[in-house]
Amino acid sequence: MRATLDSSGLGVRRAVAFVTPALVLIGVFLVFPALWTLYIGITNYQLTGPAAAHPQVVGLDNVLNAVRDPLFTNSVWLTALFVLGSAVVGQNALGFALAWLLRTVRPGLRRTVEGLVLLAWILPGTVVAYLWFAVLSRDTGTLGVLLGSPQTAWLVQYPMTSLVVFNVWRGTAFSMLLYTSALAAVPPSQLETARLMGASAWQTVRDVVFPHIRGHVLTNTLLISLWTANDFTPFLLTAGGPNHESEVLPVLIYRQALESGQLGYASAMSLLLLVGNLVIALVYLRLLRRRA
């Protein structure tokens, strides 16, 4: 009997054989952990003690307690500031500015700048955090010495500002690369026409460049927003301190799960973070469809 063929001509069995390893990996490392997190989020599961051996289902109590928890609402607010300041504004603006300015410089200089920006992105998070801790620490910190204020404890006095600047410095490379690719697709004739008509740089970007790269802007903003909202690197710099002033949601979830041992409660917070990510993604996808 002739084998049933799919659109690629491989046959159903061969096609299934090709995708099965990927589906197994997705199931083991993505679907199962997500379902397990949802399950323990509705229990009183703890790291140690009787509730670790015999957890009880508590329904939505963990979610309701999290919503009423001042630490959780504080973390939501700090996470929103972190995402807005370092991703939506910081990385977007600096990434586009670098891509725009590097269009006209010599190739050697452009490759050097791009290499330095990429270096900050590809270095391991622990290495980058250690370098920035050395820059911002009190007494011997590089920034304090350069500014003539070695006694300033930047990570203690300005924790969120320090985290925002750190994340902009570290994560701008992705935005720069994406916008460099997007700007290459803008017709040079339109840029030249705008220049001959006396348009300023801002007018050129607003009226000529942005209509061509709007989809790239939305895609970039979606990705860096989600990455930043789930970034755990701030823990390496401030550990959520001082007095919870830089405790973004991933840090709070970690501390509730592994320091306090409240795995069920932390999983409920993870679920709320997931819902927030989905809302952000749906908003951006709606904007992309409206563009189309």
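A residue counts as buried when its relative accessible area is under 20%, as exposed when that area is over 50%, and as partly exposed in between (1.4 Å probe, protein chains only). With that in hand, D207, at 47% relative accessibility, is partly exposed. The model here is predicted, so local features need pLDDT of at least 70 and side-chain atom pairs count only at pLDDT 80 or more, while totals for chains, interfaces and linings use all residues. Residues are numbered from 1 along each chain as its sequence is written, and side-chain values use heavy atoms, leaving out hydrogens and water.

**Salt bridges**

- A salt bridge is a side-chain nitrogen of Lys or Arg within 4 Å of a carboxyl oxygen of Asp or Glu, and by this rule there are 4 salt bridges.
- Side chains of opposite charge can pair when their charged atoms come close.
- D207 pairs with R206 in a salt bridge, 3.1 Å from N to O; R206 is partly exposed too, with a relative accessible area of 40%.
- E192 bridges to R195, with their closest N and O atoms 2.4 Å apart.
- E192 and R195 sit 3 residues apart in helix α10 (residues 188–196), so about one helical turn separates them.
- E192 is partly exposed at 35%, whereas R195 is exposed at 53%.
- E247 forms a salt bridge with R255, where the closest N and O atoms are 3.2 Å apart.
- E247 is buried, with a relative accessible area of 1%, while R255 is partly exposed at 24%.
- E247, R255 and E259 are linked in a network of salt bridges.

**Helix α13**

- Helices (H or I, at least four residues) and strands (E, at least two) are DSSP runs, numbered from the N terminus.
- Helix α13 covers residues 249–259, and its buried residues are L249, P250, V251, L252, I253, Q256 and A257.
- Just after α13 comes G261, which has a positive phi of about 80°.

**The loop between α12 and α13**

- P242 lies in the loop between α12 (234–238) and α13, and a cis peptide bond with omega of about -5° joins G241 to P242.
- A239 belongs to the loop between α12 and α13; its phi is near 55°, a positive value in a residue other than glycine.
- A239 is partly exposed, with a relative accessible area of 30%.
- H244 is also found in the loop between α12 and α13, and its phi is near 65°, again positive in a residue other than glycine.
- H244 counts as partly exposed, at 27% relative accessibility.
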